[in-house]
Amino acid sequence: MSVPHALLALLSDGAKYGLQLQSEFEAKTGEVWPLNVGQVYTTLQRLERDGLVQTSSEEGEGSQKRYRITSTGERELGEWLRTPPDLVPPPRDELVIKVLVALEVPGTDIHDVLQGHRRHVIEVMQRYTQVKAAAAEGDVPLALVADAELFRLEGIVRWLDAAEVRLKQLPPPAHSAGDVAIESTRTMEVAQ
Amino acid sequence: MTSALELRRVSKIYGSGPSEVHALDEVDLSVDRGELVAIMGPSGSGKSTLLTISGSLEEPTSGQVFVDGNDLATLSRSNRAKLRRRSIGYVFQDFNLLPGLNALENVSLPLELDGVSSKAARGTAVEAMEELDVTDRADHFPDELSGGERQRVAIARAIVGERGLLLADEPTGALDSVNGEAVMRLLRAATHRGVAGVVVTHEAQLASWADRVVFIRDGQIVDQTTALAGPESLLAAGGDR
């Protein structure tokens, strides 16, 4: 999540105080992503330094500063919205590593390992679903945030399901584990 | 309190000799009223068999099935049929609405088959349709309804009257994810009003609407989720982000 760009977006409908930006950010991300006020002010200072926001000049001494977006800030925000995020996976996905390692450890029931992870992921999904279930009907931002997490987590469950099916088709574990590890290394190189 | 559904060491074997298939292997499961349980498992794991046996559409090879405290094996054939009509509601993947009947007639049909007068049955059916917010579609035929509306009518039919057990097999069918979610919301709301619900699904997002998710593999229950932590635990966990 890019906090600077989120703040620019919040400023695009008018000048605002730091505290106001903090509460709007949390409300619009379904309060799933907390943001502390220190982080807001540090980010605003950096945005001001880079000429993307400016403080309102009409405020008197000692009063809170109001921030407004500059035309450079608007251009930056527009570009950011249309730039695809980095979709290249992390070089070493912890869960993938755990499953590959589990194949190598003698006496490990790989199906138990997969099931333990599956249960945990689904328990987290249940909590996000509870957030959605408890939300007001018109709270679209919250539903979008919860959906994003749920689809991501569902992808993990589907990977675990696929792993289960593939591992059932494996011949004796001693040979196959090494083969799987080599195969996946090759795939990761391609991804990078 | 008696569970709405209880399975005790239920096994189901299809075929015999070398072609014998153990679809269920000594399964224990109980579901209370007010609780929605999802059964998850890969294809061929026995989850649909578990549902049909729970609904007395099929008999177990061994073990006992109790619905509202009644041991199904001790009931006569006709009493079992009566229990099926009165206490158990089914929601199927393909909705199974009768095309020649309008929505209201589809919902009131189970009551009329059970001998309730047509007028009384329709009154009760309207109440169920109100719960599902489809009363304005009462005189429409299934082919005049959208996929989501058809499924609402199917759920209304499953909960009509005094049914205590709601069984659903992949109930969101071919609906898109947002309409599928709406169906799960309705099933959850129905169970939280006091029905016991069991939903079989292979989709994690749908299962996550349940109070408890039970995992089945090779005919055995291998695991289940623990009691739900509140949504605030998402923030406390931190590492999930």
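Visitor: I'd like to start with the pockets, so what is the volume of the second largest pocket?

Guide: Please keep in mind that this is a predicted model. The second largest pocket has a volume of about 460 Å³. It is lined by 23 residues, and the closest to its centre are A:Asp161, B:Gly41, B:Pro42, B:Ser43 and B:His202.

Visitor: And which element gives the largest share of that lining?

Guide: That is helix 7 of chain A, which supplies seven residues of the lining. At least two residues each come from helix 6 (110–134) and helix 7 (140–168) of chain A, and also from strand 9 (212–217) of chain B.

Visitor: What classes of residue are in the lining?

Guide: Sorted by class, the lining of this pocket has ten charged, eight nonpolar and five polar residues.

Visitor: OK, new topic. How many helices and strands does chain A have?

Guide: Chain A has eight helices and three strands, and reading along its sequence gives the pattern α-β-α-α-β-β-α-α-α-α-α. Of its 192 residues, 36% are buried.

Visitor: What order do the strands of chain A take in their sheet?

Guide: The three strands form an open sheet in the order 1-3-2, with antiparallel pairing. Strand 1 and strand 2 (53–55) of chain A are the edge strands, and each of them pairs on one side only. Strand 2 of chain A is joined by three bridges to strand 3 (residues 66–69) of chain A, where A:Ile69 is the bridge partner of A:Val53. Helix 1 of chain A packs on this sheet and touches strand 1, strand 2 and strand 3 of chain A, with a direction that makes about 90° with that of strand 3 of chain A.

Visitor: Which residues are buried in helix 2 of chain A?

Guide: In helix 2 (residues 18–28) of chain A, the buried residues are A:Gly18, A:Leu21, A:Gln22, A:Glu24 and A:Phe25. They pack against helix 1 (3–11), strand 1 (16–17) and helix 3 (37–49) of chain A.

Visitor: Let's move to chain B. What is the strand order in its open sheet of four strands?

Guide: The order in that sheet of chain B is 2-1-4-5, and the pairing is antiparallel. Strand 2 (21–31) and strand 5 (70–71) of chain B stand at the edges with a single partner strand each, so one side of each has no neighbour in the sheet. Strand 4 (residues 62–67) of chain B pairs with strand 5 of chain B over two bridges in the antiparallel sense, and B:Asn70 is the bridge partner of B:Val67.

Visitor: Which helix lies across that sheet's strands?

Guide: Helix 1 (residues 47–54) of chain B lies across strand 1 (5–14), strand 2 and strand 4 of chain B, and it runs at about 120° to strand 1 of chain B.

Visitor: What about strand 6 of chain B, are its faces covered or open?

Guide: Both faces of strand 6 (residues 88–91) of chain B are covered, with B:Ile88 and B:Tyr90 buried on one side and B:Gly89 and B:Val91 buried on the other. Strand 6 of chain B runs parallel to strand 7 (residues 165–169) of chain B, and four bridges join the two. One of the residue pairs there is B:Ile88 with its bridge partner B:Leu165.

Visitor: Then there's B:Ala168, is it buried or exposed?

Guide: B:Ala168, which is in strand 7 of chain B, counts as buried because its relative accessibility is 1%, where the cut-off for buried is under 20%. Apart from neighbours within four places in sequence, B:Ala168 is in contact with B:Leu51, B:Val91, B:Leu187, B:Val198, B:Val199 and B:Val200.

Visitor: Last one, where is B:Val153 and what does it contact?

Guide: B:Val153 is in helix 5 (residues 147–159) of chain B, and it is buried, with a relative accessible area of 1%. Leaving out neighbours within four places in sequence, B:Val153 is in contact with B:Leu97, B:Ala103, B:Asn106, B:Val107, B:Val134 and B:Leu145. The C-alpha atoms of B:Val153 and B:Leu132 are separated by 7.5 Å, although these residues are 21 residues apart along the chain.

Definitions and conventions
Residues numbered from 1 in each chain as written. Chains lettered and ligands numbered in written order. Predicted model: local features only at pLDDT ≥ 70, side-chain atom pairs only at ≥ 80, totals over all residues. Heavy atoms only, no water. Buried < 20%, exposed > 50% of the residue type's maximum accessible area, 1.4 Å probe, protein only. Contact = heavy atoms within 4.5 Å. 1 Å grid on protein atoms, 1.4 Å probe; cavity = no way out; pocket = protein on both sides within 12 Å on 5 of 7 lines; lining within 4 Å. Points joined across faces, edges and corners; volume = space filled by probe spheres on them. Nonpolar A, V, L, I, M, F, W, Y, C, P; charged D, E, K, R; others polar. Pairing = 2+ DSSP bridges. Axes fitted to C-alpha atoms, helices over the stretch in contact; angles between N-to-C directions.
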